[in-house]
Amino acid sequence: MSVAQSVNAAVRGIPAWPLYPLLLLPGLWLFWSVLQNPGPNPVETLEHGLGEYALKALILGLLITPLRDLLRINLVKYRRAIGLMAFFYVAAHLVVYLFLDQQLNWGAIFRDITKRPYIIVGVLSFLILIPLALTSNNASIRKLGPLVWRRLHWGVYPAVILGAVHFVLMKKTWQVEPLTYLAIFCVLVGYRGWKALRRT
Ligand code: HEM
């Protein structure tokens with residue numbers, strides 16, 4: 001039996017639902033560590049940590065197709081849980097921004113959303129991700145039909161690029177970490193684009 005066949009056999013016996021609590025653990029750990037050791041800027045630590053978990057979960061979700069195509073490892077049944085947990089981290093990141101960072105100061109929030117390019121890009125990414133999260137269920141796939149549903153979910157590609165650009169712009173100088181995320185997303189999106197082109 002090849003490695004891929006053994007992994008696929010194991011996957012058949014492991015349901016997707018434990019991924020929800022499992023992927024929640026890093027967020028809970030982050031929250032707990034900030035409570036234990038707030039440091040000079042606990043809100044920033046929380047906000048940044050949640051943003052990075054969102055990007056990491058998005059990478060995990062986007063790796064599933066190349067893993068299946070290139071290594072024949074089929075983890076497709078876990079994609080929904082990973083995608084929804086990525087959205088959970090983006091939403092938690094936004095909640096920290098609104099409630100803790102800006103303390104619901106709508107004037108300052110409005111100024112950020114209209115004047116700061118990195119916030120505008122982050123909001124765009126978030127807006128694209130909302131319909132994807134809302135339709136990540138069997139009822140929506142049935143209602144929209146698989147073709148429309150799949151087209152809608154292509155939105156994840158601009159959303160991840162915008163998410164990474166948000167991180168790059170936030171840093172004001174070129175920094176390795178955000179550029180690495182951007183490069184990883186460009187490769188993953190490029191792979192899907194190349195696959196779609198080859199099919200047509
Ligand atoms: C409604 C949309 C969003 C808002 C208002 C927002 C806001 C923010 C703010 C205020 C910061 C910290 C900036 C600073 O400290 O100067 C930040 C950082 C960050 N955000 Fe967002 N964000 C949004 C969407 C997103 C999305 C969609 C992603 C990912 C997919 C994301 C990932 C990140 C990351 C990775 C960081 C930096 C973390 C670090 O420095 O380690 N954000 N965001």
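**Exercise 1.** How many helices and how many strands are there in the protein chain?

*Solution.* The model is predicted. Its protein chain has ten helices and zero strands. Following the sequence gives the pattern α-α-α-α-α-α-α-α-α-α. The radius of gyration is 18 Å, close to the 16 Å from the globule rule for 200 residues, so the chain is as compact as a globular protein of that length.

**Exercise 2.** Classify the ring pair of Phe88 and Tyr89, and state which cluster these residues belong to.

*Solution.* Step one: the whole structure holds five aromatic pairs. Step two: the ring centres of Phe88 and Tyr89 lie 5.3 Å apart, and their planes are at 75°. Step three: planes over 60 degrees apart count as edge-to-face, so this pair is edge-to-face. Step four: Tyr53, Phe88 and Tyr89 are linked into a cluster by ring pairs.

**Exercise 3.** Is Phe88 buried, partly exposed or exposed, and what is the class of Tyr89?

*Solution.* Buried means under 20% relative accessible area, and exposed means over 50%. Phe88 has 37%, so Phe88 is partly exposed. Tyr89 has 3%, so Tyr89 is buried.

**Exercise 4.** Describe the pair formed by Phe167 and Tyr181.

*Solution.* The ring centres are 5.8 Å apart and the planes are at 45°, so the pair is tilted. Phe167 sits in helix α9 (residues 156-170) and Tyr181 in helix α10 (residues 176-199), so the pair links distant parts of the chain, 14 residues apart. Phe167 is buried at 7% relative accessibility, and Tyr181 is buried with a relative accessible area of 7%.

Note on methods: Residues are numbered from 1 along each chain as its sequence is written. This is a predicted model: local features need pLDDT of at least 70, side-chain atom pairs count only at pLDDT 80 or more; totals for chains, interfaces and linings use all residues. Side-chain values use heavy atoms; hydrogens and water are left out. Helices (H or I, at least four residues) and strands (E, at least two) are DSSP runs, numbered from the N terminus. The radius of gyration is taken over C-alpha atoms; the globule rule is 2.2 Å times the number of residues to the power 0.38. Rings of Phe, Tyr and Trp (its six-membered ring) pair if their centres lie within 6.5 Å; planes under 30 degrees apart count as stacked, over 60 as edge-to-face and the rest as tilted. Buried means under 20% relative accessible area, exposed over 50%, partly exposed in between (1.4 Å probe, protein chains only).
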